[in-house]
Amino acid sequence: MKGTAAYTEYHPKWYRTRVSTYWWMSKWRYFKFILRELSSISVAYFVVLTLLQLHALSQGEGAYREFREWLKSSLMIVFNGIAFLFVLFHAITWFNLAPKAMIVRVRGKRIPDLMIAGPNYLAWLAISAILAWLIVRG
Amino acid sequence: MAGTITLEVMRYRPEQEAEPSFQKFEVPFHKDWVVLDALNYIKDKLDGSLSYRWSCRMGVCGSCGMMVNGEPKLTCATFLSHYTLGPVRVEPLRYFPIIRDLIIEMTDFMVKLKSVNPWIIREEEKPLSEGEYLQTPEQLDVYKQFSMCINCMLCYAACPVYGLDPHFIGPAAIALAQRYNMDSRDQGSSKRLDILSQHEGIWGCTFVGECSRVCPKNVDPAGAIQQYKLKAVKEWFKSFLMPWSKK
(Lines give C-alpha, C1' and ligand atoms only; values in the text may rest on other atoms or scores of the structure.)
Protein backbone atom coordinates (compact mmCIF):
# COMPACT_ATOMS: atom_id res chain seq x y z
CA MET A 1 0.00 0.00 0.00
CA LYS A 2 2.23 2.76 -1.27
CA GLY A 3 1.32 6.40 -0.74
CA THR A 4 -1.68 5.96 1.54
CA ALA A 5 -0.16 8.30 4.11
CA ALA A 6 0.08 11.24 1.70
CA TYR A 7 -3.04 12.85 3.12
CA THR A 8 -1.28 13.84 6.32
CA GLU A 9 0.34 16.99 4.93
CA TYR A 10 -3.02 18.76 4.99
CA HIS A 11 -3.58 17.88 8.61
CA PRO A 12 -0.36 18.64 10.45
CA LYS A 13 -2.13 18.76 13.80
CA TRP A 14 -3.10 15.12 13.88
CA TYR A 15 -1.39 13.45 16.77
CA ARG A 16 0.48 10.23 16.11
CA THR A 17 1.60 7.97 18.92
CA ARG A 18 4.96 6.35 18.36
CA VAL A 19 5.02 2.58 18.86
CA SER A 20 7.39 1.74 21.69
CA THR A 21 10.37 -0.50 20.95
CA TYR A 22 9.22 -2.52 23.95
CA TRP A 23 5.61 -2.98 22.79
CA TRP A 24 6.01 -6.76 23.14
CA MET A 25 6.57 -6.38 26.88
CA SER A 26 3.25 -4.62 27.44
CA LYS A 27 1.18 -7.82 27.47
CA TRP A 28 1.83 -11.47 28.18
CA ARG A 29 0.16 -12.44 24.89
CA TYR A 30 2.57 -10.25 22.90
CA PHE A 31 5.49 -11.64 24.90
CA LYS A 32 4.33 -15.19 24.16
CA PHE A 33 4.18 -14.30 20.47
CA ILE A 34 7.76 -13.01 20.54
CA LEU A 35 8.87 -16.19 22.35
CA ARG A 36 7.17 -18.23 19.65
CA GLU A 37 8.99 -16.27 16.94
CA LEU A 38 12.34 -16.54 18.75
CA SER A 39 11.88 -20.28 19.21
CA SER A 40 12.54 -20.59 15.45
CA ILE A 41 16.19 -19.90 16.31
CA SER A 42 16.23 -23.09 18.41
CA VAL A 43 14.81 -25.06 15.49
CA ALA A 44 17.56 -23.67 13.23
CA TYR A 45 20.14 -24.37 15.95
CA PHE A 46 19.26 -28.08 16.06
CA VAL A 47 19.49 -28.26 12.26
CA VAL A 48 23.01 -26.76 12.42
CA LEU A 49 23.91 -29.10 15.30
CA THR A 50 22.81 -32.13 13.24
CA LEU A 51 24.87 -30.89 10.26
CA LEU A 52 27.90 -30.47 12.52
CA GLN A 53 27.33 -33.96 13.87
CA LEU A 54 27.23 -35.37 10.33
CA HIS A 55 30.38 -33.43 9.48
CA ALA A 56 32.16 -34.89 12.55
CA LEU A 57 31.00 -38.37 11.50
CA SER A 58 32.49 -37.87 8.04
CA GLN A 59 35.83 -36.90 9.64
CA GLY A 60 36.28 -40.29 11.24
CA GLU A 61 35.79 -42.04 14.57
CA GLY A 62 38.12 -39.78 16.59
CA ALA A 63 36.42 -36.58 15.47
CA TYR A 64 33.00 -38.05 16.16
CA ARG A 65 34.02 -39.19 19.68
CA GLU A 66 35.39 -35.71 20.37
CA PHE A 67 32.11 -34.19 19.15
CA ARG A 68 30.12 -36.47 21.47
CA GLU A 69 32.32 -35.57 24.42
CA TRP A 70 31.70 -31.90 23.66
CA LEU A 71 27.94 -32.56 23.69
CA LYS A 72 28.28 -34.28 27.08
CA SER A 73 29.74 -31.17 28.75
CA SER A 74 27.44 -29.64 31.41
CA LEU A 75 27.31 -26.34 29.54
CA MET A 76 26.08 -28.02 26.35
CA ILE A 77 23.57 -30.18 28.26
CA VAL A 78 22.04 -27.07 29.88
CA PHE A 79 22.13 -25.12 26.59
CA ASN A 80 20.58 -27.96 24.59
CA GLY A 81 17.98 -28.52 27.31
CA ILE A 82 16.83 -24.89 27.05
CA ALA A 83 16.90 -25.04 23.24
CA PHE A 84 14.83 -28.24 23.36
CA LEU A 85 12.18 -26.57 25.55
CA PHE A 86 11.94 -23.80 22.96
CA VAL A 87 11.56 -26.39 20.19
CA LEU A 88 8.74 -28.05 22.16
CA PHE A 89 7.08 -24.65 22.60
CA HIS A 90 7.48 -23.98 18.86
CA ALA A 91 6.00 -27.36 17.87
CA ILE A 92 3.04 -27.12 20.25
CA THR A 93 2.11 -23.57 19.27
CA TRP A 94 2.55 -24.47 15.59
CA PHE A 95 0.25 -27.49 15.81
CA ASN A 96 -2.31 -25.52 17.79
CA LEU A 97 -2.37 -22.84 15.09
CA ALA A 98 -2.65 -25.32 12.20
CA PRO A 99 -6.49 -25.52 12.36
CA LYS A 100 -6.66 -21.77 11.73
CA ALA A 101 -5.00 -22.15 8.35
CA MET A 102 -6.50 -25.48 7.29
CA ILE A 103 -10.23 -25.49 6.91
CA VAL A 104 -11.53 -28.92 5.99
CA ARG A 105 -15.19 -29.43 5.29
CA VAL A 106 -16.94 -32.76 5.25
CA ARG A 107 -20.43 -32.75 3.74
CA GLY A 108 -20.49 -28.96 3.93
CA LYS A 109 -19.63 -28.83 7.65
CA ARG A 110 -16.29 -27.60 8.97
CA ILE A 111 -14.58 -30.35 10.95
CA PRO A 112 -13.54 -29.50 14.55
CA ASP A 113 -10.09 -27.98 15.19
CA LEU A 114 -9.06 -31.08 17.14
CA MET A 115 -9.41 -33.18 13.99
CA ILE A 116 -6.71 -31.03 12.34
CA ALA A 117 -4.38 -30.59 15.33
CA GLY A 118 -4.83 -34.19 16.56
CA PRO A 119 -3.25 -35.98 13.56
CA ASN A 120 -0.30 -33.53 13.73
CA TYR A 121 0.33 -34.50 17.35
CA LEU A 122 -0.13 -38.20 16.57
CA ALA A 123 2.35 -38.03 13.68
CA TRP A 124 4.81 -36.19 15.94
CA LEU A 125 4.48 -38.84 18.64
CA ALA A 126 4.78 -41.71 16.15
CA ILE A 127 7.92 -40.29 14.47
CA SER A 128 9.47 -39.50 17.88
CA ALA A 129 8.74 -43.07 19.06
CA ILE A 130 10.32 -44.59 15.93
CA LEU A 131 13.43 -42.40 16.31
CA ALA A 132 13.68 -43.24 20.03
CA TRP A 133 13.40 -46.94 19.19
CA LEU A 134 16.15 -46.66 16.56
CA ILE A 135 18.44 -44.79 18.96
CA VAL A 136 17.84 -47.10 21.93
CA ARG A 137 18.21 -50.21 19.77
CA GLY A 138 21.39 -48.93 18.11
CA MET B 1 -17.58 8.65 46.34
CA ALA B 2 -20.07 5.77 46.58
CA GLY B 3 -22.11 5.00 43.47
CA THR B 4 -19.69 6.62 41.06
CA ILE B 5 -16.82 5.46 38.91
CA THR B 6 -13.85 7.41 37.58
CA LEU B 7 -13.23 7.67 33.88
CA GLU B 8 -9.81 8.82 32.68
CA VAL B 9 -10.50 10.08 29.21
CA MET B 10 -7.82 11.05 26.75
CA ARG B 11 -8.24 14.60 25.53
CA TYR B 12 -6.56 16.10 22.52
CA ARG B 13 -7.58 19.55 21.37
CA PRO B 14 -5.13 20.39 18.58
CA GLU B 15 -5.84 24.13 18.74
CA GLN B 16 -4.93 24.17 22.45
CA GLU B 17 -2.33 21.52 23.13
CA ALA B 18 0.58 19.86 21.39
CA GLU B 19 -0.07 16.40 22.74
CA PRO B 20 -2.87 14.48 24.42
CA SER B 21 -3.46 14.36 28.17
CA PHE B 22 -5.92 12.57 30.45
CA GLN B 23 -8.89 14.19 32.12
CA LYS B 24 -10.71 12.56 35.02
CA PHE B 25 -14.48 12.49 35.28
CA GLU B 26 -16.67 11.05 38.02
CA VAL B 27 -19.77 9.47 36.54
CA PRO B 28 -22.64 7.59 38.18
CA PHE B 29 -22.09 3.86 38.34
CA HIS B 30 -24.97 1.80 37.04
CA LYS B 31 -24.44 -1.88 36.45
CA ASP B 32 -26.39 -1.72 33.20
CA TRP B 33 -24.30 1.18 31.85
CA VAL B 34 -21.72 0.60 29.17
CA VAL B 35 -18.65 2.81 28.68
CA LEU B 36 -20.47 4.66 25.92
CA ASP B 37 -23.27 5.58 28.38
CA ALA B 38 -20.62 7.06 30.68
CA LEU B 39 -19.14 9.07 27.80
CA ASN B 40 -22.59 10.31 26.86
CA TYR B 41 -23.14 11.34 30.49
CA ILE B 42 -19.89 13.33 30.41
CA LYS B 43 -20.89 14.98 27.15
CA ASP B 44 -24.41 15.83 28.39
CA LYS B 45 -23.69 16.84 31.99
CA LEU B 46 -19.99 17.52 32.58
CA ASP B 47 -18.13 18.66 29.47
CA GLY B 48 -19.93 19.17 26.18
CA SER B 49 -16.65 19.60 24.32
CA LEU B 50 -15.71 15.91 24.58
CA SER B 51 -15.57 14.46 21.07
CA TYR B 52 -16.08 10.82 20.08
CA ARG B 53 -17.91 8.74 17.51
CA TRP B 54 -20.95 6.60 18.14
CA SER B 55 -24.18 5.68 16.44
CA CYS B 56 -26.22 2.50 16.87
CA ARG B 57 -25.46 1.56 20.50
CA MET B 58 -25.95 -2.12 19.71
CA GLY B 59 -22.69 -3.42 18.28
CA VAL B 60 -23.69 -3.15 14.65
CA CYS B 61 -22.37 0.14 13.24
CA GLY B 62 -18.77 -0.24 14.41
CA SER B 63 -18.37 3.48 15.19
CA CYS B 64 -17.62 3.46 18.90
CA GLY B 65 -14.41 1.45 18.97
CA MET B 66 -11.92 2.79 21.53
CA MET B 67 -9.18 1.55 23.82
CA VAL B 68 -10.67 0.70 27.21
CA ASN B 69 -7.98 0.03 29.81
CA GLY B 70 -5.58 -0.72 26.97
CA GLU B 71 -7.85 -3.15 25.11
CA PRO B 72 -9.64 -2.37 21.83
CA LYS B 73 -13.37 -2.51 22.61
CA LEU B 74 -16.72 -1.45 21.26
CA THR B 75 -17.70 0.96 24.02
CA CYS B 76 -21.39 0.20 23.46
CA ALA B 77 -20.75 -3.43 24.41
CA THR B 78 -18.33 -2.92 27.29
CA PHE B 79 -20.00 -2.70 30.69
CA LEU B 80 -18.71 -0.44 33.44
CA SER B 81 -19.34 -3.33 35.83
CA HIS B 82 -16.28 -5.08 34.36
CA TYR B 83 -14.10 -2.36 35.82
CA THR B 84 -15.47 -1.90 39.34
CA LEU B 85 -12.04 -2.07 40.96
CA GLY B 86 -10.41 0.90 39.36
CA PRO B 87 -10.67 3.83 37.03
CA VAL B 88 -11.64 3.17 33.44
CA ARG B 89 -9.11 4.60 31.03
CA VAL B 90 -10.59 5.47 27.63
CA GLU B 91 -8.30 6.28 24.71
CA PRO B 92 -8.72 6.52 20.95
CA LEU B 93 -8.00 3.38 18.91
CA ARG B 94 -4.27 2.65 18.94
CA TYR B 95 -2.05 3.06 15.85
CA PHE B 96 -4.35 5.57 14.13
CA PRO B 97 -3.69 9.33 13.98
CA ILE B 98 -5.85 11.24 16.47
CA ILE B 99 -7.95 14.09 15.11
CA ARG B 100 -9.52 15.19 18.39
CA ASP B 101 -10.09 13.57 21.79
CA LEU B 102 -11.29 10.03 21.02
CA ILE B 103 -11.72 10.48 17.28
CA ILE B 104 -9.23 8.78 15.00
CA GLU B 105 -8.52 9.37 11.32
CA MET B 106 -9.61 6.29 9.37
CA THR B 107 -8.81 7.22 5.76
CA ASP B 108 -5.93 4.76 5.73
CA PHE B 109 -8.30 1.88 6.50
CA MET B 110 -10.87 3.03 3.95
CA VAL B 111 -8.23 3.22 1.19
CA LYS B 112 -6.93 -0.23 2.07
CA LEU B 113 -10.40 -1.72 2.24
CA LYS B 114 -11.23 -0.41 -1.23
CA SER B 115 -7.93 -1.69 -2.63
CA VAL B 116 -8.91 -5.34 -2.05
CA ASN B 117 -12.09 -5.03 -4.16
CA PRO B 118 -14.53 -6.09 -1.43
CA TRP B 119 -17.47 -6.67 -3.72
CA ILE B 120 -18.64 -9.45 -6.03
CA ILE B 121 -16.68 -9.44 -9.28
CA ARG B 122 -18.10 -11.26 -12.30
CA GLU B 123 -16.20 -11.93 -15.49
CA GLU B 124 -19.46 -11.66 -17.29
CA GLU B 125 -22.85 -10.78 -15.86
CA LYS B 126 -25.65 -13.08 -16.86
CA PRO B 127 -28.73 -11.42 -18.34
CA LEU B 128 -31.45 -10.32 -15.95
CA SER B 129 -33.87 -12.70 -17.65
CA GLU B 130 -31.92 -15.62 -16.17
CA GLY B 131 -32.77 -14.44 -12.67
CA GLU B 132 -30.68 -14.04 -9.55
CA TYR B 133 -27.50 -15.87 -8.62
CA LEU B 134 -28.65 -18.64 -6.36
CA GLN B 135 -26.67 -19.95 -3.41
CA THR B 136 -27.21 -22.95 -1.15
CA PRO B 137 -27.05 -22.65 2.67
CA GLU B 138 -23.76 -24.64 2.53
CA GLN B 139 -22.26 -22.13 0.08
CA LEU B 140 -23.37 -19.28 2.35
CA ASP B 141 -21.91 -21.01 5.36
CA VAL B 142 -18.43 -21.08 3.76
CA TYR B 143 -18.00 -17.28 3.90
CA LYS B 144 -20.66 -16.13 6.38
CA GLN B 145 -18.24 -15.80 9.30
CA PHE B 146 -16.08 -13.30 7.37
CA SER B 147 -19.12 -11.34 6.22
CA MET B 148 -19.94 -10.43 9.83
CA CYS B 149 -17.20 -7.76 9.88
CA ILE B 150 -18.57 -4.33 10.86
CA ASN B 151 -15.40 -2.38 9.96
CA CYS B 152 -14.92 -1.28 13.56
CA MET B 153 -11.10 -1.42 13.20
CA LEU B 154 -10.55 -2.99 16.63
CA CYS B 155 -8.40 -5.59 14.86
CA TYR B 156 -6.09 -2.87 13.53
CA ALA B 157 -5.71 -1.43 17.03
CA ALA B 158 -4.78 -4.92 18.30
CA CYS B 159 -2.27 -5.65 15.53
CA PRO B 160 1.33 -4.70 16.35
CA VAL B 161 2.31 -5.39 12.73
CA TYR B 162 0.01 -2.56 11.59
CA GLY B 163 1.46 -0.34 14.32
CA LEU B 164 5.01 -1.02 13.20
CA ASP B 165 4.36 -1.09 9.45
CA PRO B 166 1.52 1.25 8.45
CA HIS B 167 1.70 -0.10 4.88
CA PHE B 168 0.34 -3.48 6.04
CA ILE B 169 -3.13 -3.89 4.53
CA GLY B 170 -4.38 -5.22 7.84
CA PRO B 171 -6.73 -7.86 9.26
CA ALA B 172 -10.23 -6.60 8.41
CA ALA B 173 -9.46 -5.76 4.78
CA ILE B 174 -7.91 -9.19 4.20
CA ALA B 175 -10.79 -10.98 5.97
CA LEU B 176 -13.25 -9.11 3.76
CA ALA B 177 -11.26 -10.00 0.65
CA GLN B 178 -11.48 -13.62 1.77
CA ARG B 179 -15.22 -13.21 2.32
CA TYR B 180 -15.67 -12.41 -1.39
CA ASN B 181 -13.12 -15.01 -2.54
CA MET B 182 -15.14 -17.71 -0.84
CA ASP B 183 -18.45 -16.50 -2.22
CA SER B 184 -19.67 -18.95 -4.87
CA ARG B 185 -20.98 -16.03 -6.97
CA ASP B 186 -17.60 -14.29 -7.14
CA GLN B 187 -14.98 -14.66 -9.88
CA GLY B 188 -12.47 -12.04 -8.76
CA SER B 189 -10.15 -14.04 -6.51
CA SER B 190 -7.13 -13.87 -8.85
CA LYS B 191 -7.51 -10.08 -9.05
CA ARG B 192 -7.49 -9.87 -5.24
CA LEU B 193 -4.62 -12.31 -4.95
CA ASP B 194 -2.42 -10.00 -7.06
CA ILE B 195 -2.95 -7.27 -4.45
CA LEU B 196 -2.84 -9.41 -1.33
CA SER B 197 0.15 -11.55 -2.26
CA GLN B 198 2.37 -8.47 -2.13
CA HIS B 199 4.68 -8.07 0.84
CA GLU B 200 2.39 -5.63 2.65
CA GLY B 201 -0.55 -7.99 2.09
CA ILE B 202 -0.83 -11.43 3.66
CA TRP B 203 2.93 -11.94 4.01
CA GLY B 204 3.22 -8.99 6.36
CA CYS B 205 1.17 -10.90 8.95
CA THR B 206 3.23 -12.76 11.53
CA PHE B 207 0.18 -14.38 13.12
CA VAL B 208 0.13 -12.62 16.46
CA GLY B 209 -3.55 -13.60 16.54
CA GLU B 210 -4.75 -10.62 18.59
CA CYS B 211 -7.02 -9.43 15.77
CA SER B 212 -9.19 -12.53 16.13
CA ARG B 213 -9.23 -12.31 19.90
CA VAL B 214 -10.53 -8.73 20.02
CA CYS B 215 -13.02 -9.06 17.16
CA PRO B 216 -16.50 -8.38 18.58
CA LYS B 217 -18.11 -10.39 15.78
CA ASN B 218 -15.87 -13.50 15.89
CA VAL B 219 -14.76 -12.91 12.31
CA ASP B 220 -11.32 -14.48 12.87
CA PRO B 221 -9.24 -12.31 10.52
CA ALA B 222 -6.07 -14.15 11.59
CA GLY B 223 -7.59 -17.39 10.31
CA ALA B 224 -8.58 -15.68 7.05
CA ILE B 225 -5.01 -14.47 6.51
CA GLN B 226 -3.46 -17.89 7.15
CA GLN B 227 -5.97 -19.53 4.80
CA TYR B 228 -5.08 -16.91 2.22
CA LYS B 229 -1.38 -17.69 2.62
CA LEU B 230 -2.11 -21.36 1.94
CA LYS B 231 -4.11 -20.38 -1.13
CA ALA B 232 -1.31 -18.09 -2.38
CA VAL B 233 1.26 -20.88 -2.02
CA LYS B 234 -1.00 -23.32 -3.86
CA GLU B 235 -1.53 -20.79 -6.67
CA TRP B 236 2.21 -20.17 -6.90
CA PHE B 237 2.92 -23.89 -7.17
CA LYS B 238 0.20 -24.23 -9.77
CA SER B 239 1.62 -21.41 -11.88
CA PHE B 240 5.15 -22.82 -11.42
CA LEU B 241 4.23 -26.37 -12.46
CA MET B 242 1.70 -25.39 -15.08
CA PRO B 243 2.69 -21.92 -16.37
CA TRP B 244 0.29 -22.29 -19.29
CA SER B 245 -2.77 -22.72 -17.03
CA LYS B 246 -5.15 -19.86 -16.37
CA LYS B 247 -4.61 -18.12 -13.05
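How many of the 138 residues of chain A count as buried? I looked this up first. The share is 3%, where buried takes 20 or more other C-beta atoms within 10 Å of the residue's own, with C-beta atoms placed from the backbone.

I note that this is a predicted model, with local features needing pLDDT of at least 70, side-chain atom pairs counting only at pLDDT 80 or more, and totals for chains, interfaces and linings using all residues. Residues are numbered from 1 along each chain as its sequence is written, and chains are lettered from A and ligands numbered from 1 in the order in which they are written.

Confidence. I read an ipTM of 0.84 and a pTM of 0.89 for the complex. Chain B has an average pLDDT (the predictor's confidence in each residue, from 0 to 100) of 94, and 98% of its residues score at least 70.

Chain A. I went through the elements from the N terminus and got α-α-α-β-β-α. The radius of gyration, taken over C-alpha atoms, is 23 Å, well over the 14 Å from the globule rule (2.2 Å times the number of residues to the power 0.38), so chain A is more spread out than a compact globule. Its C-alpha atoms fill a box of roughly 75 × 45 × 30 Å along the principal axes.

Definitions and conventions. Helix = DSSP H or I, 4+ residues; strand = E, 2+ residues; numbered from the N terminus. Buried ≥ 20, exposed ≤ 12 C-beta atoms within 10 Å, placed from the backbone.
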